[in-house]
Amino acid sequence: MDNVIIINGMPASGKSTISTILAETFMQKGINVKIIFGDLFANISYGCKYTESEIDLKYENITSVLRNLFELNGIVIIDDFFKRKKDFENIKELISSNGLEVITVQIQCGLEERIIRDSFRYSGKRLGKEKMIEYEINYGKINGGMDCICEVNTEMNGIKESVNKIIDYIQKQVN
């Protein structure tokens, strides 16, 4: 594996859209890409309260899958909304300790825009306004406080420009 890109941000900020477009862009260049969508590792209904043990299990599962991808030549993209800073840091440490480069991206987007986007989700995993506000209150500072080396604002710059900024950043790191 050449790089692991961690895409972090609040729900409906554009993480999954950006992850998918990044993967498609790299695959068009002949680069092998795998995406780990954090939502797929949750064992309970989307938008419900997670217990600490459920969150622990989610990250044990993500870590297990990630370990299996260490021999992959190419890029792994981790798309997740981290509710605990320690999970973000543990995954970064695991990647670094295996001699791989970690590129961390923070997706910014205002609450009102995320509430609007939430109502248009293709996946049907809508949180609703109350849950979006609750997440902003409970996890906004945690998410914004992650140590990311590339930040993009999908509300101000749009998805396409945000993807281009991330790709430019990655190319500068590779060269």
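This is a guided tour of the structure shown above, arranged as a series of selections.

The model is predicted, so local features are reported at pLDDT of at least 70 and side-chain atom pairs only at pLDDT 80 or more, whereas totals for chains, interfaces and linings use all residues. Residues are numbered from 1 along each chain as its sequence is written, and side-chain values use heavy atoms, with hydrogens and water left out.

**The whole chain**

Begin with the entire protein in a cartoon view. Followed along the sequence, the pattern reads β-α-β-α-β-α-β-α-α-β-α. The radius of gyration is 15 Å, close to the 16 Å that the globule rule gives for 175 residues, so the protein is as compact as a globular protein of that length. That radius is taken over C-alpha atoms, and the rule is 2.2 Å times the number of residues to the power 0.38. The C-alpha trace spans about 45 × 35 × 25 Å along its principal axes.

Of the 175 residues, 49% count as buried (buried is under 20% relative accessible area, exposed over 50%, partly exposed in between, with a 1.4 Å probe and protein chains only).

**Helix 4 and Arg114**

Select residues 111–118, which form helix 4. Which residues of helix 4 are buried? They are Arg114, Ile115, Arg117 and Asp118. These four cover an arc of only 165° around the axis, which puts them on the same side of helix 4; the arc is that of the directions from the helix axis to the C-beta atoms.

Next, centre the view on Arg114, which is buried with a relative accessible area of 0%. Leaving aside residues up to four places away in sequence, Arg114 touches Met10, Pro11, Ala12, Ser13, Cys109, Met132 and Glu136; a contact means heavy atoms within 4.5 Å. With Glu136, Arg114 forms a salt bridge whose closest N and O atoms are 2.1 Å apart (a salt bridge is a side-chain nitrogen of Lys or Arg within 4 Å of a carboxyl oxygen of Asp or Glu). This pair links helix 4 to helix 5, its two residues being 22 apart. Glu136 is partly exposed, at 30% relative accessible area.

**Further salt bridges**

The structure holds 9 salt bridges. Select Asp80 and Lys58, whose side chains meet at 3.0 Å, N to O. Asp80 belongs to strand 3 (residues 75–80) and Lys58 to helix 2 (residues 52–68), 22 residues apart. Asp80 is buried at 1% relative accessibility, and Lys58 is buried at 6%.

Move on to Asp147 and Lys92, which form a salt bridge at 3.7 Å, N to O. Asp147 lies in the loop between helix 5 (129–144) and strand 5 (150–153) and Lys92 in helix 3 (residues 85–97), so the pair ties together parts that are 55 residues apart in sequence. Asp147 is partly exposed at 48%, whereas Lys92 is buried at 14%.

Finally, select Glu52, Asp56, Arg84 and Asp87, which are linked in a network of salt bridges.
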